[in-house]
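Visitor: I would like to learn how to read a structure feature by feature. Please take me through one.

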Amino acid sequence: MENYRIDERFRGPPTSKIVIRLSAATQDYPKSIICNVHGVNPKFFEIGKKKLEQQQNGDQAFTKGAYYIGKMVWSKGYKELLKLLRDHQKELASLEVDLYGTGEDSDQVMEAAKKLELAVRVNLGRDHADPLFHDYKVFLNPSTTDVVCTTTAEALAMGKIIVCVNHPSNEFFKQFPNCRTYNDSKDFVKVTRKALADEPAQLTDAQRHELSWEAATERFLRAAELDHASTKNLSKSPSNNLMSTSLNLGEKIEDLSAQVHNFVSGFEVSRKIFGAIPGSLQPDEEQRKELGLVMPAGI
């Protein structure tokens, strides 16, 4: 980390230090601030808009029930979810749940699911934007170990109802009407049954914006106290630079979002901080297969 230099436009005052925690689920530091600076890929908003059109036309937009997607390791919420389902099989007798994931605990998760009287199906992992997921209405996420909860944000962008535990890692999502939180196992049953009976609320433009990378960058700039300095410096940039003086503030923020994202995603340490899978900067063969990436020539 000593071999790169931060662009002067992103450098704060020489004597100031700001520690930004992505959620309250992370380790506490003196004088740190909590700020969700993660956004959603635009493809999930497109899916959500199509679902919104179906709702507005009076069509049944969501024809499937509940599901969960995540790397299939016990620490990713599978242990908590299967325990909740096991402890309340009678109350949730009609519930069907589809699990999607690939990981070192896949066999154990499958064996645990088979022991349940409920219809819990275990499937291989795939891209969350896959058409297979479009028609699910309820996303169950009991995990308390995720920092940015990417799949939760993606599900919200697709217009789904989220059922998640009342935990600091989910604080950001509580502002959305489709986020339903529970406090204990009995509450989980109540919230899940109601979510399956309800229709998802339609996201407003403002709510979509809150989930976007543009809004995430705006929050980052405010938290890092770079909002005034960055826009001031950008206005002085020559016309042949990346950002010209003719751009309005919204366009500058959008371009700066890409620069910040590309900058931090180029280093393994910063990628881990932002919630990336360790080692995914240069994904191995197994990770490429999971993500559906094209194998490089010669491999």
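Visitor: What ground rules apply?

Guide: This is a predicted model, where local features need pLDDT of at least 70, side-chain atom pairs count only at pLDDT 80 or more, and totals for chains, interfaces and linings use all residues. Residues are numbered from 1 along each chain as its sequence is written, and side-chain values use heavy atoms, with hydrogens and water left out.

Visitor: How many residues does the largest nonpolar core have?

Guide: General idea: in soluble globular proteins, nonpolar side chains tend to be buried together. A nonpolar core is a set of buried Ala, Val, Leu, Ile, Met, Phe, Trp, Tyr and Cys residues joined through side-chain atoms within 4.5 Å. Buried means under 20% relative accessible area, exposed over 50%, and partly exposed in between (1.4 Å probe, protein chains only). Here the largest such core holds 53 residues. Those with the most contacts inside it are Tyr-67, Leu-85, Leu-99, Val-120, Phe-188 and Leu-211.

Visitor: Which residues does Leu-85 touch?

Guide: A contact is heavy atoms within 4.5 Å. Not counting residues up to four places away in sequence, Leu-85 touches Leu-92, Leu-95, Val-97, Leu-116, Leu-118, Val-120 and Phe-188.

Visitor: How many disulfides are there?

Guide: The test is a pair of cysteine sulfur atoms within 2.5 Å. Searching the whole structure gives 0 disulfides. Cys-164 is in none, and its nearest cysteine sulfur, that of Cys-179, is 3.7 Å away. Cys-179 is likewise in no disulfide.

Visitor: How many salt bridges does the rule give?

Guide: Side chains of opposite charge can pair when their charged atoms come close. A salt bridge is a side-chain nitrogen of Lys or Arg within 4 Å of a carboxyl oxygen of Asp or Glu. The count comes to 15. Take Glu-96 and Arg-121, whose closest N and O atoms are 3.1 Å apart. Glu-96 lies in strand β4 (residues 96-100) and Arg-121 in strand β5 (residues 119-123), so the pair ties together parts 25 residues apart in sequence. Helices (H or I, at least four residues) and strands (E, at least two) are DSSP runs, numbered from the N terminus. Glu-96 is partly exposed at 44%, and Arg-121 is partly exposed at 38%.

Visitor: Where do Asp-205 and Arg-208 sit?

Guide: Both are in helix α6 (residues 205-211), 3 residues apart, so about one helical turn separates them. Asp-205 is exposed at 62%, whereas Arg-208 is buried at 11%.

Visitor: Which side chain of opposite charge is nearest to Glu-154?

Guide: For this test, Lys and Arg count as positive and Asp and Glu as negative; His and the chain ends are not counted. The nearest is Lys-43, 7.1 Å away. Glu-154 is buried yet has no salt bridge. Not counting residues up to four places away in sequence, Glu-154 touches Val-40, Phe-44 and His-128.

Visitor: Which helix holds Glu-154?

Guide: Glu-154 is found in helix α4 (residues 150-157). In α4, 7 of the 8 residues are buried, so the helix is largely enclosed by the rest of the structure. Its buried residues pack against α1 (42-56), β3 (64-69), β6 (136-141), β7 (161-165), β8 (179-182) and α6. After α4 comes Gly-159, with a positive phi near 90 degrees.

Visitor: Which strands pair with β6?

Guide: Two strands pair if DSSP finds at least two bridges between them. β3 and β6 run parallel, joined by 3 bridges, with Ala-66 opposite Val-138. β6 and β7 also pair in the parallel sense, over 4 bridges. There, Leu-140 has Val-163 as its bridge partner. β6 is mostly covered, with 6 of its 6 residues buried.
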